[in-house]
Amino acid sequence: KVVKEKKTAEMLVLCGLPGSGKSTIAEILEQRGYIRVNQDVLGSRNACVRLAEASLDANKSVMIDRCNFDVNQRKTWVDLAKKHGIDNVRCLYMEVDADRCLQRAIERVGHPTIKDQESAERAIGFMVQKFVAPTLSEGFIEIIPANTGWPSEIADLVRDKQ
């Protein structure tokens with residue numbers, strides 16, 4: 001009889017509007033050992049799924065650096081984690097108001113998809129209309145609210161829970 005080794009990896013699903021600080025946090029967590037899955041960088045949702053699957057199969061912790069603005073967006077990742085034997089699925093919810101996100105998105109330079117004020121207004125306006133806050137009933141073992149603090153302090157909320 002083959003005994004499967006218990007996986008210790010986790011999946012962290014980032015959730016929040018464009019400009020809420022997800023990628024800034026993700027960069028810090030990547031330095032701390034998480035595999036960063038970011039569609040802006042990888043180019044497609046399928047590429048994100050492939051990287052997440054390969055990483056989870058190798059028992060490496062993964063963070064999904066996308067807006068994940070509704071239940072269906074997040075369900076993809078929760079289901080993928082469960083399929084790969086990962087029970088530790090948490091959500092880092094970037095609770096930053098739309099006006100602040102818009103200001104940040106307009107001021108940032110070099111973003112791969114939001115290049116100017118018009119595209120920032122369009123993206124954030126769309127997300128605000130569609131956004132549904134995450135709940136534990138989606139399959140998360142924890143939702144970590146992150147609405148204040150410096151990026152390193154927010155990243156510490158995640159690290160302290162590992």
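The axes of helix α3 (residues 45–57) and helix α4 come within 10 Å of each other and cross at roughly 30 degrees. This angle makes α3 roughly parallel to α4, a label given to angles under 35 degrees, whereas those over 145 count as roughly antiparallel, those of 65 to 115 as roughly perpendicular and the rest as oblique. Axes are lines fitted to C-alpha atoms, for helices over the stretch in contact, and angles run from 0 to 180 degrees between N-to-C directions. The contact, defined as heavy atoms within 4.5 Å, involves R45, C48, V49, A52, E53 and L56 of α3 together with Q73, T76, W77, L80, A81 and K83 of α4. The structure is a predicted model, in which local features need pLDDT of at least 70 and side-chain atom pairs count only at pLDDT 80 or more, while totals for chains, interfaces and linings use all residues. Residues are numbered from 1 along each chain as its sequence is written, and side-chain values use heavy atoms, with hydrogens and water left out. Helices (H or I, at least four residues) and strands (E, at least two) are DSSP runs numbered from the N terminus.

Five strands form an open sheet in the order β2-β3-β1-β4-β5, with parallel pairing; two strands pair if DSSP finds at least two bridges between them. From one strand to the next, the twist averages 20 degrees. Helix α3 packs on this sheet, where it touches β1, β2 and β3, and its direction makes about 160 degrees with that of β2. Helix α4 lies across β1, β3 and β4 and runs at about 175 degrees to β1.

Within the sheet, strand β4 (residues 89–94) is mostly covered, as six of its six residues are buried, that is, under 20% relative accessible area, with exposed meaning over 50% and partly exposed in between (1.4 Å probe, protein chains only). In a regular strand the side chains alternate between the two faces of the sheet. In β4, V89, C91 and Y93 are buried on one side, and R90, L92 and M94 are buried on the other. Strand β1 (residues 11–15) runs parallel to β4 and is joined to it by five bridges, with M11 and V89 as bridge partners. Strand β5 (residues 142–146) also pairs with β4 in the parallel sense over five bridges; L92 has I144 as its bridge partner, and M94 stands opposite A146.

Residue D65 lies in the loop between β3 (62–64) and α4 (71–83). D65 counts as buried because its relative accessibility is 3%. Beyond residues up to four places away in sequence, D65 touches L14, K22, S23, A26, R36, V37, N38 and Q39. The side chain of D65 makes a polar contact of 2.9 Å with that of S23 and one of 2.8 Å with that of R36. A polar contact is a pair of N or O atoms within 3.5 Å; within protein, one must be able to donate a hydrogen and the other to accept it, and residues adjacent in sequence count only if both atoms are side-chain atoms.
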